[in-house]
Amino acid sequence: MNIGLFIPCYIDQLYPQVGIATLELLEKQGLNVTYPANQTCCGQPMANSGFEHYTHTSNKNFIRTFADFDYIVCPSGSCTLHVKEHLYVANRKAQATQIRNKIYELTEFLTDVINLKALNASFPYKVGLHQSCHGLRGLHLAQMSELVAAPFSKPEHLLSMVKGIELISLDRHDECCGFGGTFSIFEEAVSVKMGQDRVADHLNHQAEYITGVDMSCLMHLQGILNRQKSPVKVIHIAEILNADK
Amino acid sequence: MIKTGNTHSELADKFNRDKKRVEWHDETLWFVRVKRDKAALQIPVWEQLREAASQIKNNVLGNLHNYLVQFEKNAQANGIRIHWAADAKEHNEIVHAIIKKHAINHIIKSKSMLTEECGLNEYLENQGIEVIDTDLGERIVQLAHESPSHIVLPCIHWKKEEIGQLFHQHLGTPHGNADPQFLTAAARTHLREHFLKGRVAITGVNFAVAETGEFVVCTNEGNADLGVQLADVHIACMGIEKIIPQRKHLGVFLRLLARSATGQPITTYSSHFQKPRAGQEMHMVLVDNGRSKRLASDDFRNALKCIRCGACFNTCPVYRRSGGHSYHTAIAGPIGSILAPGFDLKKNSDLPFASTLCGSCTNVCPVKIDIHQQLFKWRQAVVKEGHVDLSKKVVLKFTGFVLSHPLIYKLSGTLGRWVLRNLPVITNTRLNTWYKQREMPPAPKQSFNSWYKQNKRV
């Protein structure tokens, strides 16, 4: 099994430790993982702002970079969903379709593809899980509260294998944090209020860490926490699952 | 472009200056969302019901012409007079002509979002006709010279103390009395006078049944019934998409409508109107107003499935924290944000962006409209038609360029991080929108890419 590691641009630049944890976590499972150095971005910042036509070249680059792998794994629900829903290049339709079908978000890859049963990880803290919307409602990483359907959660399933961790419950367990990509800038007031409310829910339940499958949401919450001078930290789920030191 | 000061983000920014009020607004609507969840959970086949409703509506949209013709034939046989209106203007003129024929200058109306869409109140008032909205919430916003901020809960943005003050001014209730029961009784007395002298009553329509030529109006207050039963003339105004094939299909929609809207099992009144009483005139105005055009669009057609329950409003974290009026359109919220661009893309070019694309709306929708996917598609349409700020265009073109070239991307990233680390004076200013209420993200010395090169020796 030849795995291509897709590290989204903002993780590459701002949160390299998340990329490292993802890589180490996958390698610990005995997997053959390669990080192709010419990757950039899934194109979502442009597309979600209405400029999908500006993603042509980055899409071509994505296809060129990842076409040959058996699986592509990415530590972001949002970027994975974007590739699944929107990767398109006119004269490379077949390759694009293949990629759309073989790209996985990290927790769904660990749960559904390699069927991970145990982890040697320990994280003795109170942790709030932020359900990022694209992973939740787009990739169905967990059951959303809108549907009348049986509950499940791939991220929680994995976190339950971590020693010492205490997952807190929230009043609104899957409300959006308000990041929304360029929404965070163009609708600043609402974006910040949503983030403040999300942070408050975690703080009210004594979270020491807020985790999730999307560092972008966590970056937004981190900005708010730090402005409030809160000691609470954000941490990507890969870092917890890889925490065995 | 929209006039400065009137975009959703600017109006939402104003709304957010009163933090306590935003929190109250959010909690109030979230309470309704939770009620909806509880009601839905009582129905084990809820998801199958949604699917059935969606399929029935798909069938309707695929055969709309035939159902409308069938409805017209059956309704006429029942004695209902059918009128067709191509747009809002024609709709208003038809309604006005009926009123004029009866030489009446005072009419009563029970809530109809279609007449809001068509601007009927304003039109009739300009013709010297007084329009009294008889739904309590609608009457409140009418007294305040406002439009509804929510399609089901039109005055949800008003606190009871403010309503007490409004009633004190307009209905003469004692100053400082904000007791909901007392105020409702005062409104009831006030409205009763209007019911008794209302010769023409206008209602909306929730469902029109092609098979029987009847239509159904769902209310909680019973005011639609009171109005039309006392009036000599009943005018029902309906968008052409409200048709359903058979009466039995109400068994699907009536179960979904009130549960989705307010968490009630059913509205207090689900009134069927099939024929006029002896001596009464019953009219129905069937309105297109852009619906045929939308029907022809693969991307946006299925917004016509909407049954106006408002569930997408209550669940929307953006709506809850920006208020209905920030959408500057008759129908606010997520559904309004995909309907309004169809009427006027330029004027509503901001609305598809008033969303994080969280997808909650799509998943509470009882008829499964892919609302957040349509928001994405409208964004593309807005940009293609050029209704976007030049600065936004330049920034995203540049971003697209950088992200298309691995080397330029790496250099820009390194430079960006260096600036964040060494020249925070550039980034940490009020001019930086992110920084206004959030700290900047960390700026590590090494990217993952360069760590990988160093540690994996590739």
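## Strand pairing around E7 of chain B

In this predicted model, strand E4 (residues 200-203) of chain B runs parallel to strand E7 (residues 233-239) of chain B, and the two are joined over four bridges. Strand E7 of chain B also pairs in the parallel sense with strand E10 (residues 281-287) of chain B, in this case over seven bridges.

The residue B:Ile235 takes part in both pairings: B:Ile202 stands opposite B:Ile235, while in strand E10 of chain B the bridge partner of B:Ile235 is B:His283.

## Burial and facing of E7

How many of the seven residues of strand E7 of chain B are buried? Seven of the seven are, and the strand is accordingly described as mostly covered.

In a regular strand the side chains alternate between the two faces of the sheet. In strand E7 of chain B, the residues B:Val233, B:Ile235, B:Cys237 and B:Gly239 point one way, whereas B:His234, B:Ala236 and B:Met238 point the other way, and the residues of both groups are all buried. A residue counts as buried here if 20 or more other C-beta atoms lie within 10 Å of its own, and B:Ile235, which has B:His283 as its bridge partner in strand E10 of chain B, is one of the residues that meet this criterion.

## Overall form of chain A

Turning to the other chain, chain A contains 13 helices and eight strands. Its radius of gyration is 17 Å, close to the 18 Å that the globule rule gives for 245 residues, so chain A is as compact as a globular protein of that length. Taken along the principal axes, the C-alpha atoms of chain A fill a box of roughly 50 × 45 × 40 Å.

Of the 245 residues in chain A, 60% are buried. When contacts in chain A between residues at least 6 apart in sequence are considered, 77% of them join residues at least 24 apart.

## The two domains of chain A

The domain assignment divides chain A into domain 1 (2-113) and domain 2 (126-241), and the C-alpha centres of these two domains lie 22 Å apart. The contact between them takes 25 residues from domain 1 of chain A and 22 residues from domain 2 of chain A.

On the side of domain 1 of chain A that touches domain 2 of chain A, the elements giving two or more residues are helices H1 (9-14), H2 (16-28), H3 (44-47), H5 (77-86) and H7 (106-113) of chain A.

Technical notes. Residues numbered from 1 in each chain as written. Chains lettered and ligands numbered in written order. Predicted model: local features only at pLDDT ≥ 70, side-chain atom pairs only at ≥ 80, totals over all residues. Domains from an automatic or database assignment. Contact = placed C-beta atoms within 7 Å. Rg over C-alpha atoms; globule rule 2.2 N^0.38 Å. Buried ≥ 20, exposed ≤ 12 C-beta atoms within 10 Å, placed from the backbone. Pairing = 2+ DSSP bridges.
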